[in-house]
Structure formats: structure tokens, C-alpha cells
Amino acid sequence: VPELPDVENLRCYFDATALHKRIERVKVRDARLLETSASKVHSVLEGRRFTETARRGKRLFARACDDGGGGATKDVDRDGCEWLALHFGMTGSLEFFEVTGARPRGTALEIGFEDGGTLAVTTTRRLGKIGVARSPQQYAREHGLGPDALEVGRDEFVETIGRRRGSVKAALMNQSAIAGIGNIYADEVLFQAGVHPETPAAEVDRATLAELWRVMRRVLRTASDRAADADEMPRGWLLHARNHGADCPRCDGSVEKLSVSGRPTYICPACQHKRGGER
Ligand SMILES: [Zn+2]
């Protein structure tokens, strides 16, 4: 499931395969993923070039400009450029291919370039989204997306998470509070911070929330730097022990599986505690 580090990795892939080349062919193969009309996707992309990408939470944005466009990005794009907005759902990805007929399974959108190569936006379970926007900021406002988990400041994080109803895990995963964290990284952050995922968010003391913010940034940065490849993550991470009864990577205890907010959740009961205290 693409979370912030996975989408950051896809952004690097997009940059390496799709920037600065003239877009000559656009084909929508699964209109059910569109947040807009197919004709709008065509008009935003055809004849243009991608000049830059951006990411907010689990969304990837790519700026499409006419030749000569591409100046500084402000809240609303003043160069007449527009942005493609991609959400990868449960199984979405990107795949660049050069041979005609090599279209990958689950292709929802094909973007063909002047060099003959094609970038495919794929999803095998049809849970992604393809949209367009005047700017990433405008898209975030319209979709109620909170600040990116690597951009949010400590004080805003403490205030935002501390006033959520429900569990601290649900708060971390709520994209309108903080954008970018899903099930796997929520468990990882809570494990490394020693916080039990069922702790009510409103009962976590401020010092622990500040520690959660610090751990969240370290985890997401490390995972992004390692191309979101689970095999490359540090040995002490819970990621390697997501099985009921597995050895805890940090103590002599065993990992337990719970259900929190309806999601499979792994914890070490010896390492993680319900944290409350003075606010
Ligand atoms: Zn442990």
C-alpha cells in the first residue's frame, strides 16, 4: 500500500522517466479512476511537458506546461500550467515502457512521449484516483488534505493530533489531520515511540506527542532515503516482525496482532504503553 515513502519513491521514478519530454499521446483506459473528465485529462497533458513534480501525503502531482512555461510556482499557477494529481490507492504504481504492446496489466492511464516511451499509471484493484488541479495547494484544499507528514511543524502536529477523537493510531492515519501515513508506518512510528496504538489521542501528553513527531520524521525520512524498500530498513524496525508471535526487534518480548480502527495492527506489549499525563 503506497504510503508517503512509497509515493516519494514513485515521484523519483516519475522524474527520471517523464520530465521535460513532449507529451504526444494520452489514453485513459479506466475512466472509473478519474476525478475529472477524460477530455480534461487530454487537454491538460497533450502537447505539453512535465516540468516538475510535488508530493503531498500520498498524492503525487506533476506540473504540465506549454513550451516556455515553467516559472516559479505560486499558490495558483500563473503560467497557465496545470497539474496532474495521482493517488495510488491500494496497489497503484507507475511503469515506463518503450516497446509498443508492452503495456502493463492494470494500466489506467497512458502518457506517451516524443521519444516513443510511455508512462503507465497502473492499479490492479481500481482504488486509485486521477485528477487535475490548478495547483497542489488548491487540490489539497478541495480534498481536505492536511499538511504533509514531513512538512508539518512540531507545534501544529501536537495541536492537531492532540485534539482528535479516537485512538492515536487513527489520528496518525487521518489524511485530513496529517497526510501521508497509512497502516504500516503508523504501527512503525508508534512502536519506535513506545506508544500503544489504542491510546486515545486526546489523552497523550504533550511531551509524548512531541516525541511522536520527532520519531515520525525520522522514520519517514529513513524510509524515503532507502527507496521505501522494506529489505533496506534498519534491523530494529517493527516492519520486519509484522507477524503474531514474532520476536520483538528491540526486546525479549513477542509481537501481538490487534485490530485498531478495523485495521490489522502489530505491537510489542512490552515496548509500547498507554501514555497519558498532564497536558
Ligand atoms: Zn519489545
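This is a predicted model: local features need pLDDT of at least 70, side-chain atom pairs count only at pLDDT 80 or more; totals for chains, interfaces and linings use all residues.

Residues are numbered from 1 along each chain as its sequence is written, and side-chain values use heavy atoms, with hydrogens and water left out.

**The sheet**
- Four strands make an open, antiparallel sheet, in the order β2-β3-β4-β8. Strands here are DSSP runs (E, at least two residues), as helices are (H or I, at least four), numbered from the N terminus, and two strands pair if DSSP finds at least two bridges between them.
- At the edges sit β2 (49-56) and β8 (129-133), each pairing on one side only.
- On average, neighbouring strands of this sheet are turned by 25° against each other, direction ignored.
- Six bridges link β3 (residues 59-65) with β4 (residues 82-87) in the antiparallel sense; F61 has A85 of β4 as its bridge partner.
- As a general point, strands of a sheet pair through backbone hydrogen bonds, either parallel or antiparallel.

**Helices on the sheet**
- Helix α1 (residues 4-18) lies across β2 and β3 and runs at about 170° to β2. Axes are lines fitted to C-alpha atoms, for helices over the stretch in contact, and angles run from 0 to 180 degrees between N-to-C directions.
- Helix α2 (residues 38-45) also packs on the sheet, touching β2, β3, β4 and β8, and its direction makes about 125° with that of β4. Contact means heavy atoms within 4.5 Å.

**The zinc site**
- C248, C251, C268 and C271 coordinate the zinc ion through their SG atoms, at 2.2 to 2.3 Å. Donors are N, O and S atoms within 2.8 Å of the metal (3.2 Å for Na, K and Ca).
- The site is tetrahedral, with angles of 103 to 113° among its four donor atoms; that label needs all angles between 85 and 135 degrees.
- Along the sequence, the donors follow the spacing C-x2-C-x16-C-x2-C.
- C248 is buried because its relative accessibility is 6%, while C251, at 26%, is partly exposed. Buried means under 20% relative accessible area, exposed over 50%, and partly exposed in between (1.4 Å probe, protein chains only).

**A loop residue, E198**
- You'll find E198 in the loop between α6 (183-193) and α7 (206-225).
- E198 counts as partly exposed because its relative accessibility is 35%.
- Leaving aside neighbours within four places in sequence, E198 is in contact with S167, L258, S259, V260 and K274.

Technical notes: Four donors count as tetrahedral if all angles lie between 85 and 135 degrees; four count as square planar and six as octahedral if opposite donors are over 155 degrees apart and all others between 65 and 115; anything else is irregular.
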